[in-house]
Amino acid sequence: MMQGNGFPEWVGPWLAAWRLAAQSGDGGAPQQPPAPAGATENSGGGDGQPVIPQTLPILPVRNTVLFPGLILPLTVGRPSSRKLLEESLGQSKIIGVFAQKDPAKDDPTPEDLHPVGAAGHVLKLIRSSEEQFVVVVQGLERVALRRVLLTHPFIRAEVEPRPSQPPPKEDPAFEAAVRSLRETALKLLEFSGEEAQPVRMAVLNIQEPDRLADFLAGTLNLEVPRKQALLEEPDVVRRVHELLRLLNVQLEIARLQQKIQKDVSSSFSEQQRRAFLREQVRAIQKELGEEENGAEQQVEELRQRLQEAGLPGNVMEQAERELRRLGQLHPASPEYSVVVGYLETLAELPWNRLTEDNLDLARARRILDRDHFDLEKVKRRLIEHLAVRKLNPEGHGPILCFLGPPGVGKTSLGQSIADALGRKFARLSLGGVHDEAEIRGHRRTYIGSMPGRIIQEIRRAGSRNPVLMLDEIDKLGADFRGDPASALLEVLDPRQNHAFVDHYLDVPFDLSQVMFICTANQLHTIPPALRDRLEIIEIPGYTDREKLEIARRYLVKRQLKEHGLRPAQCRFEAAALRRIIDQYTREAGVRELERQIAAVCRHVAAGIAGGEIEACTITPERVEEILGPPKYIRETRLASGRPGVVTGLAWTPTGGEILHVEALRYPGKGQLVLTGQIGDVMKESAQAALSLVKARAADLGIDPADFKDVDIHIHVPAGAVPKDGPSAGVAMLTALASLFTGRPVRPDLAMTGEITLRGLVLPIGGLKEKLLAALRAGIRTVLIPKLNEKDLPDVPAQAREKLRIVPVETVDEVLAHAVGPKPARPKARAKARRRAPSLVAS
């Protein structure tokens, strides 16, 4: 049959195969094809041909028959066939190639194969995709199955050679038939132009009649039963005569096809001409009793799928161009699978498939309350977002970004939002992504190219308006492969993402209906341009009370279910959960808490499964028996007040903590020594505190001479934990004032706040966590900056009720509450003190 370029179909597979086999490492190809076996005196045996083992791995093939001397590409996709190639080629490149009797059978047995096949030499193995190989095989000689040795994971059998019966010597009739066979083949090749020159050279170079017959039989476009009959025919004379008859039929068809093309080319458009030629090809194939070409069926199936996908006009034009290009490629070509993959991606994308939003605000609130405890600010903001969508469905809402420490439920909030809206949910982890192509996709000129991960997730979701979670957006990287954060600028801009162009698709795709939600642990690593596109919703760490409720309502139930336990078999006391929270976890979220609860459940499950216990109540004592000694010890309030020691408050990602600021003086040169892994900001706070104490020495009743010839040492335990920030300023000031006045600070008093040289107390962050830490440590009175009074509504009512919270504006107010008023002391005592200064104040 004639292809679109006038090339006989039977030439294409052989020509494509020798090109694949002959390609060098730099992609070049030789000017002449490799000589088929039989083209020289030494071919077909001796040192030039590999020795065929008695046992071979058997590769079943469909709709293909391999002849000796023929080079063919075989597409391998079945798991058993891939296993055969992966395990056998490392030992020997000789395999047995046998045609299936029924090509529709996916898992053929030895009984499903024709008895005669060919031993083949694997010339090249090409991985066209993850689940498909293209293997180029050259036939060596006919072999027959003798005895099957193995059927799993692939067939291995003993084979025996099936030599051809030699033709009669000096038989004029046979010589005339061979000459006619060669001339007919050359005439048929004239319809192919210069592209068939390598095949002409092969036909002219093959001298042995049996090799020439095998070469033409293998490349001629015949149905498998006819080819198999030619392969099983041992008589070379009969084989030559049958091939001559078939070649004459093909030659006549080619002449008729050429005439048809000339007659219709003047009166039909290009599209009509192609449609007409397809019909003519089908008619000719039907006349010959052949089935429709599989490649054409695939093209038609892809065209139908693309039409059903509802592609926009410009995208459909691109798809039609690729379909026309696909029709001109041979299925064995590596580019064929690339084009098919691209068209399948276009067909599978949800161009016009959207899920209908469920904007029932009460239902959304129930779902959020069901899945998450507390987080009232976050839930209120999400309900507001849904309300705006309900009133203005066409509006472009902001891109939400949940900011908070690990384990506080940022990702699960996205899933709850998708459930509340009735949308599909997809998650894209951006942690460690350095390549811009992960966002925009790879251009199809690269081997192994694929769409960007955003398009891939939308394709998997099957909807154009999913909730897409961009997780860990603060951990994006950048290197020589590009900047993914810059690529996200277009994706997260509602005014631009309606025409997002993925490099792989190379056509616009509308992302404006996607609800993007980002998560991050910190803001300073997010580029400013990207941060400007996000609405930040802070999710703080959980308090101990909140962790206890989360454990009771969610974590314990989930772990009991996962460990196959009933609630009656394992019951946690609230005191036991508090013990786990206080002494076995130190985190802002609840992941480690859940792991510790899981460890307890495993212990109980082992006891029940072993018949040792029937049920167990988890008490604080049982927690220590199961989990071992406590891992963490929290700081507690001082037992008694001592001069120079003050309780401060600190914020950490895992919650609030109290810290003790200790001051000491001793003879020296007036230096200030700071220890306890203190950061630069905290060091500056200590310098400012010392300056303020010196400036207020008279008001505090301190003799200025007390600062001479002494060194001051400030230490903040624990020394192994890094500390920084300005909020310890008031605590350092008070510690120094207490040290030099000799008046201790009450042990149940804690304080926090930044100081200035003017004596003002500035606001700080993390007030809620700090006050809860003070309450937990047994503190009764807390001094806070007056400007932080606005944050008190966020503090749980329990803490506000049990703590005496004193707002202060100046350091004078701090000192009045902490060390009291200036005492009246005798002058003689003051003089004695100047004469004998204290070496240690503690």
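The crossing of helices H23 and H25 is right-handed in this predicted model. Two helices that pack together are described by the angle between their axes and by the distance that separates those axes. For H23, which spans residues 680-695, and H25, which spans residues 729-741, the angle is about 40° and the axes lie 8 Å apart. H23 is therefore oblique to H25, since an angle under 35 degrees would be needed for the pair to count as roughly parallel.

The residues that form this contact can be named on both sides. H23 contributes Met682, Ser685, Ala686, Ala689, Leu690, Leu692 and Val693, while H25 contributes Gly729, Met732, Leu733, Leu736 and Ala737.

The side chain of Ser738 comes to 2.6 Å from the backbone oxygen of Arg743. When neighbours within four places in sequence are set aside, the residues in contact with Ser738 are Arg642, Pro643, Gly644, Arg743, Pro744, Val745 and Val819.

The loop between strand S19 (710-715) and H25 holds Pro726. The relative accessibility of Pro726 is 29%, so the residue counts as partly exposed; buried residues fall under 20% and exposed ones over 50%. Apart from residues up to four places away in sequence, Pro726 touches Val681, Ser685, Gly753 and Glu754. One of these, Ser685, is also among the H23 residues that meet H25. Pro726 also lies 7.8 Å from Ile755, C-alpha to C-alpha, although 29 residues separate the two in sequence.

The chain as a whole provides the setting for these details. Its secondary structure comprises 29 helices and 24 strands.

Conventions
Residues are numbered from 1 along each chain as its sequence is written. This is a predicted model: local features need pLDDT of at least 70, side-chain atom pairs count only at pLDDT 80 or more; totals for chains, interfaces and linings use all residues. Side-chain values use heavy atoms; hydrogens and water are left out. Axes are lines fitted to C-alpha atoms, for helices over the stretch in contact, and angles run from 0 to 180 degrees between N-to-C directions. Helices (H or I, at least four residues) and strands (E, at least two) are DSSP runs, numbered from the N terminus. Angles under 35 degrees count as roughly parallel, over 145 as roughly antiparallel, 65 to 115 as roughly perpendicular and the rest as oblique. A crossing is left-handed if the near helix is turned anticlockwise from the far one by less than a right angle, and right-handed if clockwise. Contact means heavy atoms within 4.5 Å. A polar contact is a pair of N or O atoms within 3.5 Å; within protein, one must be able to donate a hydrogen and the other to accept it, and residues adjacent in sequence count only if both atoms are side-chain atoms. Buried means under 20% relative accessible area, exposed over 50%, partly exposed in between (1.4 Å probe, protein chains only).
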